[in-house]
Amino acid sequence: MNLPTRVKLVDVGPRDGLQNEKAPVPAAVKIELVHRLQDAGLTEIEVTSFVSPKWVPQMADAPEVMAGIKRKPGVRYSVLTPNMKGFEACLSSRPDEIVVFAAASEAFSQRNINCSIAESIERFRPVVEAARASGIYVRGAMSCTVGCPYEGEVAPQQVGRLAALMKGIGVQHIGVADTIGVGTPVKVQRAIEATLEHYDLNDISGHFHDTYGQALANTLAALEVGVWQYDTSSAGLGGCPFAKGATGNVATEDVVYLLHGMEIDTGIDLDKLIDAGQYISDFLGRKPNSRAATALLNKRATA
Ligand code: HMG
Ligand code: MG
């Protein structure tokens, strides 16, 4: 075991979480969530997506959300950009990082971004080039690295092939995503190992949805192979409109509780994080989807 002593969490709740809500969430609420997350100590926040509003109407307010954020020094703000149109649209928002997102399965690539894997790489190529030329860091996301809602099991070789393609066009950091939360620890480790053939350990993160309740176990499995960067979502928000049945990302609160319990530093104040999760959950009219948040809120209520 090669456990890291410090872990960096990227809260993707404002993007992955709120892209999947049926009822509209006003830009002001998204902005307030970002503010609360940065006040809780998050130093990386995935804020929004510059995607087609016909495909994902929930993210149509991306420019407004980015413009409304009071930036905190030391915090980095990222946005998803699937093509040059999205990249050009995001520029005036001055993101620190953009995310190009591909899939390890052909069927999901078609459903999510309406093109094949090979076509997606050709679309990303000029985006990556333009972003890097403007000094914007480029992260890549690889969806369906263990399972696909349309094709079933995904082999590690498919993950390795995609990682090589992303590396080949200059994507600097790569996320290994279990989009539909079907992964279990050994399968997730295999997807990471396939990625490690092309990316340095320091340039890999985990992104685990919790559909089958495995995301925390998968996080621990990834920690054991040394991965120290994770996308997580406050209050366990999340899902993808093109991955039916998939639930949210692993809750940031649960991962912080796990890490702090293992004496792994995150720089995050769990109490303030719980308040942020409760803020957005209250707005959405439901309880936070985090066991740690629920337990600690119950404890507060009886204190
Ligand atoms: P398309 O229909 O093939 O695109 O969609 P197109 O280039 O043919 O353009 C069609 C129309 O969309 C045109 O408008 C374009 O201008 C417009 P029209 O002329 O019809 O009025 N358009 C855009 N508008 C705004 N911003 C843009 C943009 N691009 C085109 N960037 C496209 C292709 C990629 C655009 C579409 O499929 C799309 O937007 N998909 C987004 C899907 C998405 O956001 N999925 C969720 C995020 S990924 C995720 O959640 C997974 C992740 O969490 C990891 C994991 O868990 O796996 C990251
Ligand atoms: Mg996701």
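Gln19 counts as buried, at 7% relative accessibility, and this residue is found in the loop between α1 and α2 (27-39). The model is a predicted one, and every value in this report is computed from it. Leaving aside its neighbours within four places in sequence, Gln19 is in contact with Val56, Gln58, Met59, Gly239, Cys240 and Pro241. The side chain of Gln19 makes a polar contact of 2.8 Å with the side chain of Arg15, and a polar atom of the Gln19 side chain lies 2.7 Å from the backbone oxygen of Gly239. Leu162, by contrast, is 143 residues from Gln19 in sequence and 25 Å from it in space, C-alpha to C-alpha.

Asp16 lies in helix α1 (residues 13-17), while His209 lies in the loop between β9 (204-208) and α9 (215-224), so the pair ties together parts that are 193 residues apart in sequence. Asp16 is buried, with a relative accessible area of 2%, and His209 is likewise buried, with a value of 3%.

Strand β9 also belongs to a barrel, which eight strands close in the order β1-β2-β3-β4-β5-β8-β9-β10, with parallel pairing. From one strand to the next, the twist averages 25°. Within this arrangement, β8 and β9 pair in the parallel sense over five bridges, and Ile204 in β9 is the bridge partner of Ile174. Helix α9 packs on the sheet, touching β8, β9 and β10, and its direction makes about 165° with that of β9. Helix α6 (residues 117-133) lies across β4 (97-103) and β5 (137-143), running at about 170° to β4.

The buried residues of α9 are Ala215, Asn218, Thr219, Ala221, Ala222 and Leu223, and they pack against β8 (173-178), α8 (185-196), β9, β10 (229-232) and α10 (252-261). After α9 comes Gly226, whose phi is positive, near 100°. Seven of the ten residues of α10 are buried, so this helix is largely enclosed by the rest of the structure; the residues concerned are Thr252, Glu253, Asp254, Val255, Val256, Leu258 and Leu259. They pack against β1 (8-11), α9, β10, α11 (270-284) and α12 (291-302). After α10 comes Glu263, whose phi is positive, near 60°.

How many disulfides are there? The count comes to zero. The sulfur of Cys90 is 18 Å from the closest cysteine sulfur, in Cys115, and is therefore too far away for a bond. Cys240, which is among the contacts of Gln19, is in no disulfide either, the nearest cysteine sulfur being that of Cys144, 8.3 Å away.

| Cysteine | Relative accessible area | State |
|---|---|---|
| Cys90 | 0% | buried |
| Cys240 | 13% | buried |

Key: Residues numbered from 1 in each chain as written. Chains lettered and ligands numbered in written order. Predicted model: local features only at pLDDT ≥ 70, side-chain atom pairs only at ≥ 80, totals over all residues. Heavy atoms only, no water. Helix = DSSP H or I, 4+ residues; strand = E, 2+ residues; numbered from the N terminus. Buried < 20%, exposed > 50% of the residue type's maximum accessible area, 1.4 Å probe, protein only. Contact = heavy atoms within 4.5 Å. Disulfide = S-S within 2.5 Å. Pairing = 2+ DSSP bridges. Axes fitted to C-alpha atoms, helices over the stretch in contact; angles between N-to-C directions. Polar contact = N/O pair within 3.5 Å; in protein donor to acceptor, adjacent residues only side chain to side chain.
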